[in-house]
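Trainee: I have a new structure open and would like to talk it through. Can we start with the open spaces?

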Amino acid sequence: MNYPNIETERLFMRELTLDDVEAVYKHFSYPEVTRFMDIEVCKDLREAEEIIAFHIHDSGCRYGLFNKENDELIGTCGFHCWSTEILETKAEIGFDLSPNYWGRGLMQEALMKITRIGFDLMKLDYIEATTEVENLQSQRLLEKMGFNQESELKDNLMYFTLRDKETVCK
C-alpha cells in the first residue's frame, strides 16, 4: 500500500526509508525514547537499518515525524500487527518522540492524522495500543485521543482500543 506524505501545522510526516538511517540512529540512541519500547537503545547504524527494514517489511507503516522548522527527525508513529481477519480488521498503533519535544502536543498532532490513515485508508475497524503500566504520559495521550482502556492487564501492559474515528480528540 502506498501511504501518503502528511503535513500538519508543525510536522512533515512520511514513511521511513533506508535513507533515514543516520536520523533514526540518533533518535533511538536516547534511552528516554526506548525506555517503554520493546527495543534497546541503538548502538550503531546497523541497528537503525534493522529498525527501518522491520517496518518496511511489516504489515502497516511507520512514519518519521520531521520538525518543519529544522527538518530534524523528532519521532516516529504508525501501525504494525495489521490483521485483516474476516470479521474485523485491526492494527496496533505505536509512537515515540524525542525528549526535547515532549509536552508540546506534537504527538497528538501526529496521531490525529495517523488514526485517519488507519480508518480511512487501511479501513480498520479498530485500533489497538499498549503501554507499560509506568508509561503515564502515553496513557494520558491515548485517553485524550479517545482510546478506551480495556479492563484487563496482560503481561504488565495496559491495553487501549479506538473503535470510532469520530471520537478522536473530542
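Mentor: A definition comes before that. On a 1 Å grid over the protein atoms alone, a pocket is an open set of points with protein on both sides within 12 Å along at least five of seven lines, a cavity is a set of points where a 1.4 Å probe fits but cannot get out, and lining residues have an atom within 4 Å of a point. Grid points are joined across faces, edges and corners, and a volume is the space filled by probe spheres set on the points. This is a predicted model, where local features need pLDDT of at least 70 and side-chain atom pairs count only at pLDDT 80 or more, while totals for chains, interfaces and linings use all residues. Residues are numbered from 1 along each chain as its sequence is written, and side-chain values use heavy atoms, with hydrogens and water left out.

Trainee: Which residues lie nearest the centre of the largest pocket?

Mentor: Met-37, Phe-95, Asp-96, Asn-135 and Ser-138 do, out of 48 lining residues. The space in that pocket is about 1,300 Å³.

Trainee: And which element supplies the largest share of its lining?

Mentor: Strand 5, with six residues. Strand 5 covers 89-97. Helices (H or I, at least four residues) and strands (E, at least two) are DSSP runs, numbered from the N terminus.

Trainee: How does the lining of the largest pocket divide by class?

Mentor: There are 21 nonpolar, 12 polar and 15 charged residues. Ala, Val, Leu, Ile, Met, Phe, Trp, Tyr, Cys and Pro count as nonpolar, Asp, Glu, Lys and Arg as charged, and the others, Gly among them, as polar.

Trainee: Now helix 5. Which of its residues are buried?

Mentor: In helix 5 (residues 136-144), Ser-138, Gln-139, Leu-141 and Leu-142 are buried. Seen down the helix axis, these buried residues fall within an arc of 165°, so they line one face of helix 5. The arc is that of the directions from the helix axis to the C-beta atoms. Arg-140 and Lys-144 are exposed, on the face turned away from the buried side.

Trainee: Last topic, rings. What lies over the face of Tyr-126?

Mentor: Arg-163, at 4.1 Å from the ring centre. A charge sits over a ring if NZ of Lys or CZ of Arg is within 6 Å of the ring centre and within 35 degrees of the ring normal.

Key:
Buried < 20%, exposed > 50% of the residue type's maximum accessible area, 1.4 Å probe, protein only.
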